[in-house]
Amino acid sequence: MRTRLSVCRCARLCARAGVAPSNAWATSEFFRIWVAAEEEFNDPGAGIRFGDEGIARGYGVAAIVALHAPDFRSALAALSRYKSLTCPECVEVEAKGDEAVVRYRWLQATGPVPRLLVDMTMASLRQLARRGTGGKIAPIRLELTQRPNDEPAGTAVGTTDASSAPSSAIRAVARRRSIRPSAPSTPTS
């Protein structure tokens, strides 16, 4: 359930972006809200923090779907399917041996994906891999679509190897074959 504060924040960001509050935005409107958030936060590390903290603050539906898969490859397939059913975002997964590339593409995007959204998505995927496998997955390369004046977020996402690419992706490697995810942690009261 949304708190009054989160509803007010959403309304403020929508007003700043020139977008009507809704639960069904066009991709261009969704991107304008993320750009407005970038401007409001004025913090280049915000996306990484949001992605890192997202799972700790409570799993989103996509993370819950992925964390209940029997292994990491199945988790990525479930995440990809969930995204294809719920939004115009394509999560492409290439798995070969112990290495997987997870690439995100916005199908209806007419411009660059906002940096805050890219950073949050990449950090969230890293956390999903880390928590879901008990640390048995390690990012080895971050591929980002770059705009002028962007600095790669590779170090923040856990890799020292970052490059420019046509779509944002994380390349990760398993520390051993047939990775089984760890059981999702349950909050203690």
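Begin by selecting Asn-42, which is exposed, with a relative accessible area of 68%. This residue sits in the loop between α2 and α3, and its phi is positive, about 45 degrees, although Asn-42 is not a glycine. As you look around, keep in mind that what you have open is a predicted model.

**The whole chain**

Next, zoom out and colour the protein by secondary structure, so that its 7 helices and 5 strands can be told apart. If you follow the chain along the sequence, the elements come in the pattern α-α-α-α-α-β-β-α-β-α-β-β. The protein has 189 residues, and buried ones make up 38% of them. Among the contacts between residues at least 6 apart in sequence, 63% join residues that are at least 24 apart.

**Helix α2**

Now select Ala-37, which lies in helix α2. Is Ala-37 buried or exposed? With a relative accessibility of 5%, Ala-37 counts as buried, because the cut-off for a buried residue is under 20%. If you leave aside its neighbours within four places in sequence, Ala-37 is in contact with Leu-13 and Leu-116.

**Helix α3**

Move on to Phe-50 in helix α3, a residue that counts as partly exposed at 32% relative accessibility. Which residues does Phe-50 contact, leaving aside its neighbours within four places in sequence? They are Phe-41, Leu-116 and Met-120. Phe-50 and Met-120 are 70 residues apart along the chain, and yet their C-alpha atoms are separated by 5.7 Å.

**The largest pocket**

The space in the largest pocket comes to about 2,100 Å³. If you colour the lining by residue class, you will find 28 nonpolar, 11 polar and 8 charged residues.

**The largest nonpolar core**

In soluble globular proteins, nonpolar side chains tend to be buried together. To see the largest nonpolar core here, start with Leu-79, Tyr-104, Leu-125 and Leu-128, which touch the most other members among its 37 residues. Two or more residues of this core come from each of α1, α2, α3, α4, α5, β2, α6 and β3 (137-144), and the largest share, 7 residues, is given by α6. Then centre the view on Leu-79, which touches Ala-62, Ala-66, Tyr-104, Leu-125 and Leu-128, not counting residues up to four places away in sequence.

**The cysteines**

A disulfide is a covalent bond between the sulfur atoms of two cysteines. How many disulfides does a search of the whole structure find? The search finds 0. The cysteine sulfur closest to that of Cys-87 is in Cys-90, 9.9 Å away, which is too far for a bond, because the two sulfur atoms of a disulfide must be within 2.5 Å. Cys-87 itself is partly exposed, with a relative accessible area of 23%.

Conventions
Residues numbered from 1 in each chain as written. Predicted model: local features only at pLDDT ≥ 70, side-chain atom pairs only at ≥ 80, totals over all residues. Heavy atoms only, no water. 1 Å grid on protein atoms, 1.4 Å probe; cavity = no way out; pocket = protein on both sides within 12 Å on 5 of 7 lines; lining within 4 Å. Points joined across faces, edges and corners; volume = space filled by probe spheres on them. Nonpolar A, V, L, I, M, F, W, Y, C, P; charged D, E, K, R; others polar. Buried < 20%, exposed > 50% of the residue type's maximum accessible area, 1.4 Å probe, protein only. Core = buried A, V, L, I, M, F, W, Y, C linked by side-chain atoms within 4.5 Å. Helix = DSSP H or I, 4+ residues; strand = E, 2+ residues; numbered from the N terminus. Contact = heavy atoms within 4.5 Å.
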